[in-house]
Amino acid sequence: MVVLVKIEEVVSTKKCYELLTKGKLRTQDKNTLKDLHKSVIKTGAHVANYHFGEDPLHSYNCCKRLQAKNSSVSKLESKVRNYLLYEDYQELDIKNCAVSILLNIIKNNKDNFTDTELHLIQNYFLNKEDYKEKYIDLIPLFTREEFKTFVDLRQKIINMPQYKQHKKNAKSTNLDGSTLSNIICDLEKDIMLCVKNYLDEKNIKSSSIIYDGIFVDNKEEIDVEDVESFIKENLNLEIVFNLKQIEEPDPTELFEEYNYEFGKKDEEEKKTPLQKF
């Protein structure tokens with residue numbers, strides 16, 4: 001696999017050690033934390049190599065995503081990752097990523113689509129929370145007529161000349177849906193690589209990419225509108241970004257016992273050597 005970008009990940013070695021010695025972790029998270037801890041102590045940062053490959057979490061539709069080939073903060077369970085990052089990083093991510101990308105495809109190829117199709121996706125983009133509530137309550141997202149409109153729209157997109165190659169990697173049991181997922185994920189990859197280029201050009205410290213988001217140093221000031229303009233200029237895509245703080249996780253979900261002052265068990269308890277993990 002071709003490495004598309006290398007990203008230096010800097011995390012708290014103290015928190016890594018704390019999680020490894022006191023945390024309730026999955027085996028894969030322990031292994032990742034050991035790699036992060038070792039690299040940061042040795043060189044000051046862990047280098048994650050990102051490629052565009054099949055995502056094991058979404059293998060049902062065979063879509064590829066921009067992801068790290070080796071150990072990375074991005075591969076940690078969300079509550080573990082948030083504990084490592086919440087004090088030092090903020091997250092810059094695409095608002096309603098998949099729907100936003102669909103909307104851009106339609107707008108950039110207006111002659112191929114009807115106003116009804118455009119309005120359907122626009123409404124979904126603007127009212128996504130309402131659709132989420134429908135999904136939770138097991139209410140159909142679309143009326144029968146709206147669903148037919150979406151199917152027609154999907155067919156138009158996957159048969160566009162510039163996207164036909166995505167059918168090659170699509171899952172045969174869900175060819176149309178899988179092809180559309182591949183198209184969206186490919187554009188998501190292009191956007192996030194472009195965001196990384198923007199941050200590098202501005203000398204803004206950033207860390208892991210997780211699909212449609214990237215972590216940025218908390219001390220950095222991000223002009224979100226300038227990021228959006230950069231994407232428009234380089235990719236001809238009108239993308240809206242959110243800049244948000246990382247939510248502090250509940251420590252009781254991470255540790256067997258939690259001392260709220262120190263974030264660890266009794267100081268007198270003998271520490272287990274990191275090498276035993």
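A: Serine 206 has valine 216, in strand 6, as its bridge partner. Strand 5 and strand 6 (residues 213-217) are joined by 3 bridges and run antiparallel, where strands are DSSP runs (E, at least two residues), helices are DSSP runs (H or I, at least four residues), both numbered from the N terminus, and two strands pair if DSSP finds at least two bridges between them. This is a predicted model, in which local features need pLDDT of at least 70 and side-chain atom pairs count only at pLDDT 80 or more, while totals for chains, interfaces and linings use all residues. Residues are numbered from 1 along each chain as its sequence is written, and side-chain values use heavy atoms, with hydrogens and water left out.

In general, strands of a sheet pair through backbone hydrogen bonds, either parallel or antiparallel. Here, 4 strands in the order 5-6-4-7 make up an open sheet with antiparallel pairing. Its edge strands, each pairing on one side only, are strand 5 (206-210) and strand 7 (241-245). On average, neighbouring strands of this sheet are turned by 25 degrees against each other, direction ignored; axes are lines fitted to C-alpha atoms, for helices over the stretch in contact, and angles run from 0 to 180 degrees between N-to-C directions.

Across strand 4 (89-94) and strand 7 lies helix 9 (residues 224-235), which runs at about 145 degrees to strand 7; contact means heavy atoms within 4.5 Å.
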